[in-house]
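This briefing covers a structure with its sheets, helices, domains and chain contacts, arranged by topic. Please keep the sequence and the structure open while reading.

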Amino acid sequence: MPTPSPRRTVSRRALGGLAAGAAATAGLAACGGGSAGDEGPVTLRFTWWGADARHQYTEQIIQAFNEEHPDIQVEGEFTEWSGYWDRLATNVAANDAPDIIQMDAIYLRSYADRGALLDLSQLEGLDTSAIDSNALDTGETGDGLFGLVIGVVPLGVMTNPGIVQAAGQQVPDDTTWTWDDYNALGAAISAATPEGTYGVANGGIDEAGLQLWVKQLGGAFYDDEGNVTLDPAMVTDWYEYNLGLIESGAAGPVTLAMERAVAALDQSGIATNTIAMQPYWATQINALAGASGQPLTLLRPPTQSVGGEPGVYYKPSMFWSASARTEHPEQVATFLDYLVNSQAVADLMLTERGIPANTAIRDYITPKLSETDRQAIEYTDSLADVVEDTPPSAPAGASNIEEIVRRYGSQVLFGELQPAAAAEAMVEELTNAVGTA
Amino acid sequence: MSALGELRTLKGQQSTDKRDTKVAYLFLLPWFAGLFLITIGPMAASLYLAFTDYNLIQPPEWAGLDNFQRMLTDDRLHNSLKVTFLYVFISVPLQLALALALAVLLDRGLRGLPLYRSIYYLPSLLGASVAIAVLWRQIFGTQGLVNQILALVGIDGRGWISDPSTALGTIIILNVWTFGAPMVIFLAGLRQIPRMYYEAASTEGAGRWRQFRSVTLPLLTPIIFFNLVLQLIHAFQSFTQAFVVSGGTGGPSDSTMFYTLYLYQSGFQNFDMGYASALAWLLVIIIGVFTAINFYASKLWVFYDD
């Protein structure tokens, strides 16, 4: 609904619903020009999840946009991650979805396949030409473009060289190392460092870790049609490897990992300098190095065998989506275009929402970045020769994949389930969840 | 006065009654509005949704008894029932016993009673809050207070909250700790017991324990019953503690997967609102059955002194 601005007293206020259509056209005509005629500005609701720093600069983005576009009034709504999805689900159910929605890959198809999102490829005024085409594809389902990728980020092994060297070890050559090397190095570090410091973090409970493992073995969770294709044998293999990390002493007690799995980033092993190596999304180096206070470095993930593929891919960090029920698609396009193509936005956002998928913007911000941000970009660029296609995103019904992986993984690590049985049960649950969605 | 006059008076009386009733309803209107809009309406909607397949985004589709059939083979549901029953039947008796014991102690005419009462009541005000649940995570964490104290006496602690064999225990302790509300009710109940019974009992030579068993306990049974019903219903509906302590996961490995948490996950994380609604109604039935059993059994042990 067009909310009449107090500054612009509108005589046509009474026209109500009719004005909505008129305002939309007026908005389009006024796009960028700033002459809104005698219409009140169109209000767009914009929602995102994140922490305080993100809220602050996103509010600044909104303010800058609103000043540049007096005919559009964007209003921000935000929460942290966990409350965000409850709220979005209820808003959508109540036909009260925000116009612009920050979206995650595991939820994208849950909303898109059920018709809740707008096909962005149909929007005029949204220029996606500068966005890396592989990255852009990650927001597509068979029916259209429902997520406009904001940033990409690869997985890397976050490493604290200080701990590695204190243990009398060398930071390994990451172009040749294998998972066996990772285990052996981890065990050596655990043995040579004080009680409570470990070489590597426990694996076996994180979805990203399993994705990587499966990719290295040539498999995938899902196919392009959204069917579950995860091979239980690969999951079993992953469980066994991660049990081996505990056995060798490379990783610490499982309870510690369970605690950290739900704790804030600054309580993690890397952040508290009690773990030397742990896989993370590359851009997390910024927050982790800040919390740790020590220099960190990013290594390529180990491979299954010498000379094997590291299986890395650019994960879409998040997307911009729009509600299928928005009354103002033209204004939504204007705002989305501003978000992904404007240098003013890039100045504020930098890599906080991932390394920009817009290559022009990425080049533009690189000189402005902090040391750690640049490390993330350099690492990402260094993968160019080995990077693989991004796996298909989670189909509808698989939005709780992280929880499923963690639950079965913890049952294995605690010895409640045998690896093979857990792998079978996990794939079955996932298949059922997707099949009944 | 004639019969007619009497009739007139009676009629007048009646009309005053009617007017009073109308006024009463008028005053009750805000409450009724709340009841119908916020309680009955959503309940009716959820009853309907319980028989549908509803993913929150697309309109619900009629599914008959599918959701209820699915409950029979849902292992995670059965596990969540087990967790919830364990929690209810361990924490409620413990909590009531502690509340009663402290109420009896405080009833001894302690100096500074209001202060103690407030101190013991404090956890009840805080117990269901997010802040306390977060605090709990710190206290029972691997590097938490409990382990630091244990380390002083040379015992190697563990991650109490992150170990599936002890995680539920920490939440039970959290609930037992919030004994303040039943304690205050017990205190009020103890005050109601006429002193003369105790005087008579002590004249007869009854010791303190005997007095407690033969005078206090029987006369307090209505209060115990009241607390039991209340706390049982309350415990079945527990959500916040498990949600916050486990970080919303019900983990580690579903060991704190309370019924309500599973319901919430089904509805909001798995987009399975039809099933979640059916689960909500199963909970209503479970609580109803236990409350009914409670009331029925109360005839056998609750003693009304009137």
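Predicted model: local features only at pLDDT ≥ 70, side-chain atom pairs only at ≥ 80, totals over all residues.

**Domains of chain A**

- Where the two domains touch, five residues of domain 1 of chain A are in contact with four residues of domain 2 of chain A.
- The domain 1 side of this contact consists of two nonpolar, two polar and one charged residues.

**Six-stranded sheet of chain A**

- Six strands of chain A form an open sheet in the order β2-β1-β3-β11-β6-β12, and the pairing is mixed.
- At the edges of this sheet stand β2 (72-79) and β12 (355-356) of chain A, each of which pairs on one side only.
- Within the sheet, β3 (residues 100-103) and β11 (residues 315-322) of chain A run antiparallel and are joined by four bridges.

**Four-stranded sheet of chain A**

- A sheet of four strands in chain A is also open and mixed in its pairing, with the order β8-β9-β7-β10.
- Its edges are β8 (198-200) and β10 (297-299) of chain A; each has a single partner strand, so one side of each has no neighbour in the sheet.
- On average, neighbouring strands of this sheet are turned by 35° against each other, direction ignored.
- Strands β7 (residues 155-159) and β9 (residues 275-281) of chain A pair in the antiparallel sense over five bridges.
- T159(A) has M277(A) as its bridge partner in β9(A).
- Helix α7 (residues 179-192) of chain A lies across β8 and β9 of chain A, and the helix runs at about 165° to β8(A).

**Chain B: make-up and overall form**

- Chain B contains 13 helices and two strands.
- The radius of gyration of chain B is 25 Å, well over the 19 Å that the globule rule gives for 306 residues, so chain B is more spread out than a compact globule.
- Along the principal axes, the C-alpha atoms of chain B fill a box of roughly 85 × 65 × 35 Å.

**A helix pair in chain B**

- Helices α3 (residues 75-106) and α7 (residues 167-177) of chain B pack at an angle of about 35°, and their axes are 9 Å apart.
- The crossing of α3(B) past α7(B) is right-handed.
- From α3(B), the residues making the contact include V83(B), L86(B), I90(B) and L94(B), while those from α7(B) include L168(B), I171(B) and I172(B).
- By class, the residues of this contact of α3(B) with α7(B) are 10 nonpolar, three polar and no charged.

**Contact between chains A and B**

- Between the chains, 27 residues of chain A are in contact with 24 residues of chain B.
- On the side of chain A that touches chain B, at least two residues each come from α3 (81-93), α4 (105-112), α10 (254-261) and α16 (401-413) of chain A.
- With six residues, α3(A) gives the most to this side.
- The side of chain A that touches chain B has 12 nonpolar, eight polar and seven charged residues.

Notes:
Residues numbered from 1 in each chain as written. Chains lettered and ligands numbered in written order. Pairing = 2+ DSSP bridges. Axes fitted to C-alpha atoms, helices over the stretch in contact; angles between N-to-C directions. Contact = placed C-beta atoms within 7 Å. Nonpolar A, V, L, I, M, F, W, Y, C, P; charged D, E, K, R; others polar. Left-handed = near helix turned anticlockwise from the far one by under 90°. Rg over C-alpha atoms; globule rule 2.2 N^0.38 Å.
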